[in-house]
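Work through these exercises with the model open.

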Amino acid sequence: MTVGQSLLLQLTANQRIQILEPIAHEQLNKVISLITSLQSEGKALPASLLDVLRSVQQGSAQEQLAMKAQNAISESLRQLLPVKDRGQDLLEALPKLTQFVQQMPPASRGEWLSSELQGALKTVANHIRLTDQLTNPKLLETTLNNNGQRFEQKLAQALGLVMATANATVQPADKQIPVTTAAQAGLGASASASDKNQLANKLLTAGATNLLAAGVVANGSKTPVINLDKIIAQDLKGALLGVLHQLERELVASSAAALVPISETGKLNLAGALPQLLAFMMQKQPAELNQKQLRAQLVMLMHQYTLGSLAKIQLQQIHTLSHQLTQTDQPQPTQSWQMEIPVRQGQDVHPLTIQLEQKWVEDSEESTEKEAKRVRQWNVMLGFDLPAVGKLYAQLALLNERLSVKFWAEQEKTLQQAQARLDTFKAQLEKEGIQIAQLQCVPGLPPTPKMSVNYSLVDIKT
């Protein structure tokens, strides 16, 4: 039996309850209709009986929705994990790709990458931060807000504002905003979860930019213009979807060339590695390159790497959704997010992994033996993997104004450097008014975060 499942029970002669069979949603509706008709004929039935059946019906509907959501998450995992496991990430390859474009003569750049694709790549590159930039709290907050987790929510909010204002406004026929365009783009309020996942691609091709950029006239005053292109460009997932859209157009144009065997790159075994292909191309003069075949190979590899980057973001979104589904029946639900921030050091990009978790714990200082007081605690896990220091993790647990910090370091040298700076780090925190409850360094690696899906554990790092 599962939580919320409807069952048909019978009380036997020996006062035992026997399960006859589960009640289907349609059967339950028939039972309620029968009871309602009997009541209309004057045959009184206890009102409590009808209330119980209706509550069971509501629970059955909620159970079906929860099962559909879990099935959708499981199906998404099956599709995304193989893509993510290939280790292809456009963000990490962007510096080499930018270097290749800059080495090409300006007149011939358009022959390799269209101006639209170059612009989309620059938009993605703007989301890569330098280490010094992340020390700015406001810029860090903006980066976390635009990391792709809330992309669909931003689009829905923007469309909801325009649609609500447009529906409440009476305008001349020649100035009315074509609301049907938004519905055709998959933006209706009744859009399913799977449709929302493809929302950005549909918007890019459905002409909805003009819908939002037109503005809405309400009560004689014009509302601020909502620029959909800006919303997409400011979010990492939106920027990657913009690159994917341009690459798919390039693939259609170069589909014939893609079927031609590529002898030069084949000899060097570069078919599955974009950085190696770029290194090979940068070593050659433009006149030496077989442009038609190499361009097709370049576009195909960029397409695969873009899909890999998007798979990472979608897996992070699924983690949050899966965690929320498991907390629906909890009186004090917890929250969990996993994300990555691309950070550039020199010509390399290394992701900063962040795991945020909010949970409720008992406050030992303010609780009494008779009544335990539960308070909110925030846990933050930061993960780095840099060539100079290796893997380094920092866990911060904030409870009221008390902070516990724990560092893990894979390399002994890195661990010693972290221990030598603990006193300075503690003094900086205390200067900000933060009480340090615990501060320590531990060799090795922390436990790997898990994601629970359909009663099984799926390693988010696999």
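A cavity is a set of points on a 1 Å grid over the protein atoms alone where a 1.4 Å probe fits but cannot get out; lining residues have an atom within 4 Å of a point. Grid points are joined across faces, edges and corners, and a volume is the space filled by probe spheres set on the points.

This is a predicted model: local features need pLDDT of at least 70, side-chain atom pairs count only at pLDDT 80 or more, and totals for chains, interfaces and linings use all residues. Residues are numbered from 1 along each chain as its sequence is written, and side-chain values use heavy atoms, with hydrogens and water left out.

**Exercise 1. Describe the second largest cavity.**

Step 1. Its volume is about 40 Å³.
Step 2. Its lining consists of Phe100, Val101, Met104, Arg109, Trp112, Leu113 and Gln118.
Step 3. H3 and helix H4 (106-112) each give two or more residues to this lining. Helices (H or I, at least four residues) and strands (E, at least two) are DSSP runs, numbered from the N terminus.
Step 4. Sort the lining: 5 nonpolar, 1 polar and 1 charged. Here Ala, Val, Leu, Ile, Met, Phe, Trp, Tyr, Cys and Pro count as nonpolar, Asp, Glu, Lys and Arg as charged, and the others, Gly among them, as polar.

**Exercise 2. Describe the largest cavity.**

Step 1. About 120 Å³ of space lies in it.
Step 2. Of its 13 lining residues, Asp89, Leu91, Leu236, Lys312 and Glu340 are the closest to the centre.
Step 3. H17 brings the largest share of the lining, 4 residues.
Step 4. The lining splits into 6 nonpolar, 3 polar and 4 charged residues.

**Exercise 3. Find the largest nonpolar core.**

Step 1. Define it: buried Ala, Val, Leu, Ile, Met, Phe, Trp, Tyr and Cys residues joined through side-chain atoms within 4.5 Å. Buried means under 20% relative accessible area (1.4 Å probe, protein chains only).
Step 2. The largest such core has 43 residues, and Leu121, Leu298 and Met302 have the most contacts inside it.
Step 3. H17 gives the most to this core, with 8 residues.
Step 4. Contact means heavy atoms within 4.5 Å. Beyond four places in sequence, Leu298 touches residues including Leu97, Phe100, Trp112 and Met281.

**Exercise 4. Decide where to read with care.**

Step 1. pLDDT is the predictor's confidence in each residue, from 0 to 100.
Step 2. The chain's mean pLDDT is 74, and 65% of its residues reach 70 or more.
Step 3. Residues 256-271 have pLDDT below 50. Residues 451-462 stay under 50 too.
Step 4. Where pLDDT is low, the predicted coordinates should not be read in detail.

Methods: Buried means under 20% relative accessible area, exposed over 50%, partly exposed in between (1.4 Å probe, protein chains only). On a 1 Å grid over the protein atoms alone, a cavity is a set of points where a 1.4 Å probe fits but cannot get out, and a pocket is an open set with protein on both sides within 12 Å along at least five of seven lines; lining residues have an atom within 4 Å of a point.
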